[in-house]
Amino acid sequence: MLAVPERLSSSRCFGGTVAFYRHHSIACSSPMQFSVYLPPQVEGDRVPVLYFLSGLTCTEENFMVKAGAQRYAAELRIAIVVPDTSPRDTGIAGEDDDWDLGSGAGFYLDATEEPWCNHYRMYSYVTEELPQLIAEHFPIQPERQSIFGHSMGGHGALICALKNPDRYRSISALAPIAAPMQCPWGQKAFSAYLGGDRERWLAYDASELVKTSNWSQSILIDQGSADPFLEQNQLLPDVFERACKTANVPLELRYRQGYEHGYYFIASFIEDHIKHHGSALYA
């Protein structure tokens, strides 16, 4: 049985509640934190749930504070759950040395290499343990869940849904790392967490997974045209777009003129993403 999460704080927001929690994760063998927005409608009913996966260096707090999603979640009767981006304070040597590896950079995979493999199991945490915990302790409808994310979290949302098309009703992403096997961020993380065998990497690359996935719903991706990481070939949405075309998976890829990578970009288009998921969650 999963431990009851400890509530750290709670605040009223658009008639609902934003709260932050801590619990001991079995998957990660360490404490983990997450945040939850419950819309006002939960006072009389259970609601669908939307998971948001954050990007490099973020915690469970950034999205809840900066994105402005609660207003639209309240209107559409959707709960939002945001996990942290990695385990923390595990005692792994060098865990905090790099901003793009270790703390804040779990990449939503299950590490197989030492010293990471005992704690860095974010894929299992996001797809199995956390949904079970949320279903046990919050008034949500577990059969109605969707997932989205930003940057590293966009990568995470894509792979979680593409690997589990029966669990999620919709996917979207904002500036995702869409082809990690082909970009410096992904190559660094995959080498450390998964080792040098690139065959293992295929299981966590959305541009590879989409070719064989049974996903059939339209995927929504927004990408800022002025995103510096786009120019540095860290994101590679064009690679994912070509893979979707090959696999006949519907994709709406929108380039937003003049927008960059951070939360000003996310907040500008968050309404579209919440509505995208609302349509699927209540279909």
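On a 1 Å grid over the protein atoms alone, a pocket is an open set of points where a 1.4 Å probe fits, with protein on both sides within 12 Å along at least five of seven lines, whereas a cavity is a set from which the probe cannot get out; lining residues have an atom within 4 Å of a point. The structure is a predicted model, in which local features need pLDDT of at least 70 and side-chain atom pairs count only at pLDDT 80 or more, while totals for chains, interfaces and linings use all residues. Residues are numbered from 1 along each chain as its sequence is written, and side-chain values use heavy atoms, with hydrogens and water left out.

**The largest pocket**

- The lining of the largest pocket consists of Gly-55, Leu-56, Thr-57, Cys-58, Trp-99, His-150, Ser-151, Trp-185, Phe-229, His-261, Gly-262 and Tyr-263.
- The space in this pocket comes to about 170 Å³, a volume being the space filled by probe spheres set on the grid points, which are joined across faces, edges and corners.
- Six of the lining residues are nonpolar, six are polar and none is charged. Here Ala, Val, Leu, Ile, Met, Phe, Trp, Tyr, Cys and Pro count as nonpolar, Asp, Glu, Lys and Arg as charged, and the others, Gly among them, as polar.

**Helix H9**

- Helices (H or I, at least four residues) and strands (E, at least two) are DSSP runs numbered from the N terminus.
- Helix H9 spans residues 237-247, and its residues Pro-237, Val-239, Phe-240, Ala-243 and Cys-244 are buried. They lie on the same side of H9 because they cover an arc of only 155 degrees around the axis, taken from the directions from the helix axis to the C-beta atoms.
- Buried means under 20% relative accessible area, exposed over 50%, and partly exposed in between (1.4 Å probe, protein chains only).
- Lys-245 and Thr-246 are exposed on the other side of H9.
- The cover over the buried residues of H9 includes helices H4 (152-163), H7 (206-209) and H8 (228-231), together with strands S8 (219-224) and S9 (251-256). Contact means heavy atoms within 4.5 Å.
- Just after H9, Asn-248 has a positive phi of about 60 degrees.

**Salt bridges**

- There are 16 salt bridges in the structure, each a side-chain nitrogen of Lys or Arg within 4 Å of a carboxyl oxygen of Asp or Glu.
- Asp-222 pairs with Arg-256, with 3.0 Å between the closest N and O atoms. This pair links distant parts of the chain, since Asp-222 is in strand S8 and Arg-256 in strand S9, 34 residues apart. Asp-222 counts as buried, at 0% relative accessibility.
- Within helix H9, Arg-242 and Asp-238 are four residues apart, so about one helical turn separates them. The closest N and O atoms of their salt bridge are 3.5 Å apart. Arg-242 is partly exposed at 48%, as is Asp-238 at 33%.
- Lys-275 and Glu-271 form a salt bridge with closest N and O atoms 2.8 Å apart. They are four residues apart in helix H10 (residues 263-281), which means about one helical turn lies between them. Lys-275 is partly exposed, with a relative accessible area of 40%, and Glu-271 counts as partly exposed at 28%.

**Asn-62**

- Asn-62 lies in helix H1 (residues 62-66) and counts as buried at 19% relative accessibility.
- Leaving aside residues up to four places away in sequence, Asn-62 touches Ala-67 and Tyr-263.
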